[in-house]
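Reader: I am new to reading protein models and would like to work through this one step by step. Could you take my questions in turn and show how each answer is reached?

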Amino acid sequence: MFPPKPKTKKFVYLDHAATTYVDERVEKVMKPYYGKIFGNPSSLYEAGRVANGELNDCHRKVAEIIHALPDNIIFTGGGSESDNLAIFGVTRKHANFGKHIITTKIEHHAVLNPIEHLEKESFVVTYLEPDSRGFISPKKVRAEIRPDTILISIMYANNEIGTVEPIADIGREILKYRKENNSIYPFFHTDACQAGGVLELDVEKLHVDLLTLNASKIYGPKGVGMLYKRRGVNIVPLIYGGGQEMNLRSGTENLAGIVGFTKALELAQENRQDENMRLVELRDYFYDQISKKIDKIKLNGASLGNENSRLPNNLNVTFMDVEGEAMLLYLDAYGICCSTGSACTSTSLEPSHVLTALGLPYEYAHGSLRFTLGHCNTKADIDYVMKYLPGIVEKLREISPVQMGNKKHAKYK
Amino acid sequence: MKKIIKKVTKTKNLTKPVDIRSNDGSGWLYSDIVKDHFFNPRNFMKQGEEEKFKYDGMGRVGSPACGDEMVLWILVDEKSEKIKDCRWRTFGCGSAIASTSVLSEMIVEKGGMKLEDALKIKPQDILARLGGLPDRKVHCSVLGDKALQAAVNDYFRKTGQHGRIVTAGSKIIDKVLNITDHDIEEAVLEGAQNLEDVQKKLKVGVGDPEAIPEIEELIRFYMEKYYG
């Protein structure tokens, strides 16, 4: 039978790529904005001026971290909104020049779905294929640029497999193209939501024109994010109204959220190197334990290593012959949270578009689990998971008629 | 804060957990029966048991690439034509495992089910016994009755009763691509709700536009059958 349940069920959260809890220090700086400091930053009296001052400070602080100017920062309602603003903002403003977009097959749906929508508005899209580890080649990006290409959108780090894309190299190729062709196009957008707490966010080094970040993946509050927009890149807003955020995102600013986001980003960037090292060690220990105790597994994405090629907290593993949702439900019974690329948890009944884009067969994608580590995790958590995971996989394999690698179904015929 | 939460639960008196994640409002949550079968599966073929277990019919449906695969072995009493015993194995999610387990219970309980009755088992019967499944999980229970049919057919074949083999009456709808009503049924079970969805999966009617009215009628029929 399945491993016996423990007397005291532990709560082990291994889904930090989905969302994170709010850091206490972030919560603390947010609190006054639900009380005393409630003014509308657009109001002229003192309460408004105080709020406006804080808002300006946030613009300044975030700009400093990503090496931009304060008026390059547009605070939004989250990562998806920022991606939408970048994509619709650029394409609607510059459609007269061209209607070609380049993106990848492994983007988040917040990028893929707006672009798919644009295809219906007669835009033409090139979807770049990653290699088997999820990397997009800068040369390939360059080769796909056409005279009518106006936007290139490539994520900084992938949410499912943790592969870190060579954004700076891609940015350099795009710059070269623009210089050689004496053009301001194409603009370069990157979705950096997964990278916010892990990687360097210097927009000058990355050579990006637009960059998306959000708070809920970096121990900040949900419902707030930002879009960096290089000066000189004109976009149209998604939301019209009072003209807040340089006319690009109307609506009274979510000041508590913005202050929380700013603090979360500061903390994440301050501690990222130490935290990265800790997470790499923990993650590698986890994978080592899995590969020692469970056979027939496959690591999906880039090889483990430092944060330059794979997010330090990401582990995506296929357990052959078993199905991801079943594993997920059993793990849940022991208090362990993770996610899967299996179709059963998606609305479409199709397995993960990222795993299939890597060339993985469907049955591999169906058997994948994604563990993403974070602040709260310790070695004790991993040991707790390893107490139950091998038993669950073993049991499900016993129930499963599938035996990959062995001669197909020979046993029953 | 705590006070507020207490008050809300008290006034609303939620007897059933509400799940707002699915678009159709039907929810994802599994019934207690599903959970019971999921955590304590009955009658499955244990490791090493396949050499020992005697059976007269075996049915296999699905494939791991589709996300679900089931194998069902049945032992039939020749005289009474009742299913004396069965074993199964399933690759799939929680509901797939639970629905095979519950099906195995249905066919062997009370001295075993007669073959003719076993062939009449519909996905709805499995669903009812499970206390329902979330909408998009309905297809898991469909595999169960198909595996049973395949196993019974296998029994008929092995015992030389070829005339009794039941073939699902499928009719070619799209003559260009040879797509049958059965394929459309599958597409609907996989979540397609209209012609556009079905075409995404099957390209049906693209090369044979004359078939489109019939296709649309079939989609309505199967929507009604499984979700109506």
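Reader: How many bridges join strand 3 of chain A to strand 4 of chain A?

Author: In this predicted model, strand 4 of chain A covers residues 124–128, and it runs parallel to strand 3 of chain A. Counted over the pair of strands, the number of bridges is five.

Reader: Which residue in strand 5 of chain A stands opposite A:His100?

Author: Strand 3 of chain A also pairs with strand 5 of chain A, residues 149–153, in the parallel sense and over four bridges. In that pairing, the residue that stands opposite A:His100 is A:Thr149.

Reader: Are the residues of strand 3 of chain A buried or exposed?

Author: A residue is called buried if 20 or more other C-beta atoms lie within 10 Å of its own. From strand 3 of chain A, A:His100, A:Ile102 and A:Thr104 point one way, while A:Ile101 and A:Thr103 point the other way. On this count the strand, residues 100–104, is mostly covered, with five of its five residues buried. Whichever way they point, the answer for these residues is buried.

Reader: Which helix gives the largest share of the side of domain 1 of chain A that touches domain 2 of chain A?

Author: Chain A is divided into domain 1, made of 12–21 + 272–402, and domain 2, made of 24–267, and their C-alpha centres lie 28 Å apart. The contact takes 27 residues from domain 1 of chain A and 24 residues from domain 2 of chain A. On the domain 1 side, helix 8 (255–293), strand 10 (314–319) and helix 10 (353–357) of chain A each supply at least two residues. The largest share, four residues, comes from helix 10 of chain A.

Reader: How many nonpolar residues are on the side of chain A that touches chain B?

Author: Between the chains, 22 residues of chain A are in contact with 23 residues of chain B. Helix 9, helix 11 and helix 12 of chain A are the elements that give two or more residues to the chain A side. By class, that side has six charged residues, four polar ones and, as the number asked for, nonpolar residues numbering 12.

Methods:
Residues numbered from 1 in each chain as written. Chains lettered and ligands numbered in written order. Predicted model: local features only at pLDDT ≥ 70, side-chain atom pairs only at ≥ 80, totals over all residues. Buried ≥ 20, exposed ≤ 12 C-beta atoms within 10 Å, placed from the backbone. Pairing = 2+ DSSP bridges. Contact = placed C-beta atoms within 7 Å. Nonpolar A, V, L, I, M, F, W, Y, C, P; charged D, E, K, R; others polar. Domains from an automatic or database assignment.
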